[in-house]
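Dear colleague,

Please find below the structure that I am handing over to you, together with its sequence.

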Amino acid sequence: MNFLKKYTFYFIILLFFCSCGRSAEEQKRISRAQQDSLRVKDSLALKVAVLPTLDCLPIFVAKDSHLFDTLGVDVHLRFFNAQMDCDTAIAGGGIEGYVTDLVRAQRLSKQGVSLEYVTATNASWQLIANRKARLRRLGQLGDKMVAMTRYSATDYLTQQTLDTVKLQEKVFHIQINNVKLRLAMLLNNEMDAMWLPEPQATKARLHGHNVLADSRKLGVNFGVIAFRKDKVAGQRRSGQLQKIVQAYNMACDSINKNGFKHYAKLLQKYTDVDTKVVGALPLLKYEHAHKPLAKDVLKAAE
């Protein structure tokens with residue numbers, strides 16, 4: 001009798017472990033199926049690289065307000081803090097589109113990545129000097145460090161602004177690609193001056209740092225959203241792109257109507273700024289999708 005009880009006990013234990021084994025295997029199978037499903041969905045979606053900058057706000061609004069979903073287009077955002085990383089992603093074919101500037105886009109085109117400019121943006125940059133460096137004029141930048149990104153709008157702007165003044169000493173161009181890191185270096189007094197987009201420029205101004213130059217006053221309009229031509233070819237992709245443009249336009253209308261404060265939480269989420277910065281942002285108008293001007297494309301190409 002004791003033998004029978006013992007045998008029954010071991011049999012139950014054996015069944016338990018077999019059951020657990022099947023459960024774990026089943027879980028792995030389900031997990032693989034889910035991963036395969038996600039990969040398929042991701043491959044069918046349009047993937048767009050974005051930065052924590054104000055020119056990306058219409059895309060953030062379209063995504064979080066479900067405008068893309070409403071129009072029946074699946075858009076997956078890829079988040080980066082540096083334009084160079086966006087370039088790498090689109091050159092490698094991991095994404096279909098990205099937010100960038102014409103200087104970088106034209107350089108990428110020359111390297112063989114054929115791009116379609118879906119719309120120009122209102123991207124702008126300000127050259128902001130560290131208040132502790134006591135820089136008030138461009139002519140004082142000699143022997144100073146200016147942070148920027150090579151082969152970009154900020155690289156172009158650095159050269160253009162420095163060409164307007166006579167300097168006794170060399171200006172050191174320091175490549176800091178990560179826009180968040182660039183701002184942090186200014187706030188920590190580790191850099192003399194730098195080019196910043198919005199909303200990072202507003203945050204710098206609120207901390208008392210000085211504006212030496214503004215791309216808008218220089219007539220530089222280099223902001224753009226571009227897609228790889230080979231990635232949006234065909235009827236299905238072309239239809240997706242049209243819906244993205246439609247959602248983008250709807251988002252622009254909403255921002256212009258409601259203002260930045262209405263989207264304060266969204267800006268905090270995607271650009272890492274507080275309500276004080278949002279309240280101090282300059283008044284900007286977001287235009288419907290339109291091609292960049294030929295003169296701007298030519299200027300960037302040169």
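The largest pocket holds about 360 Å³ of space. It is lined by 20 residues, of which Thr121, Asn122, Asn221, Glu287 and His290 are the closest to its centre. Its lining comprises nine nonpolar, six polar and five charged residues. Please note that this is a predicted model.

Three helices, H5 (102-110), H6 (153-162) and H12 (294-301), each contribute at least two residues to its lining, and H5 gives the most, with four. Among the lining residues are Arg107, Lys110, Asp155, Lys299 and Glu302. By class, the lining of this pocket consists of five nonpolar, two polar and five charged residues.

The search of the whole structure also found two cavities of 30 Å³ or more. The largest cavity has a volume of about 260 Å³. Of its 24 lining residues, Leu51, Thr53, Gln83, Trp125 and Pro197 are the closest to the centre. Strand E3 (97-101) and helix H7 (179-187) each supply at least two residues of this lining, with E3 giving the most, at three residues. The lining of the largest cavity has ten nonpolar, ten polar and four charged residues.

The second largest cavity contains about 110 Å³ of space. Its lining is made up of 13 residues, and Ile59, Ile225, Phe227, Ile244 and Tyr248 are the closest to its centre. Helix H9 gives the most to this lining, with three residues. Twelve of the lining residues are nonpolar, one is polar and none is charged.

Yours sincerely

How values were computed. Residues are numbered from 1 along each chain as its sequence is written. This is a predicted model: local features need pLDDT of at least 70, side-chain atom pairs count only at pLDDT 80 or more; totals for chains, interfaces and linings use all residues. Side-chain values use heavy atoms; hydrogens and water are left out. On a 1 Å grid over the protein atoms alone, a cavity is a set of points where a 1.4 Å probe fits but cannot get out, and a pocket is an open set with protein on both sides within 12 Å along at least five of seven lines; lining residues have an atom within 4 Å of a point. Grid points are joined across faces, edges and corners, and a volume is the space filled by probe spheres set on the points. Ala, Val, Leu, Ile, Met, Phe, Trp, Tyr, Cys and Pro count as nonpolar, Asp, Glu, Lys and Arg as charged, and the others, Gly among them, as polar.
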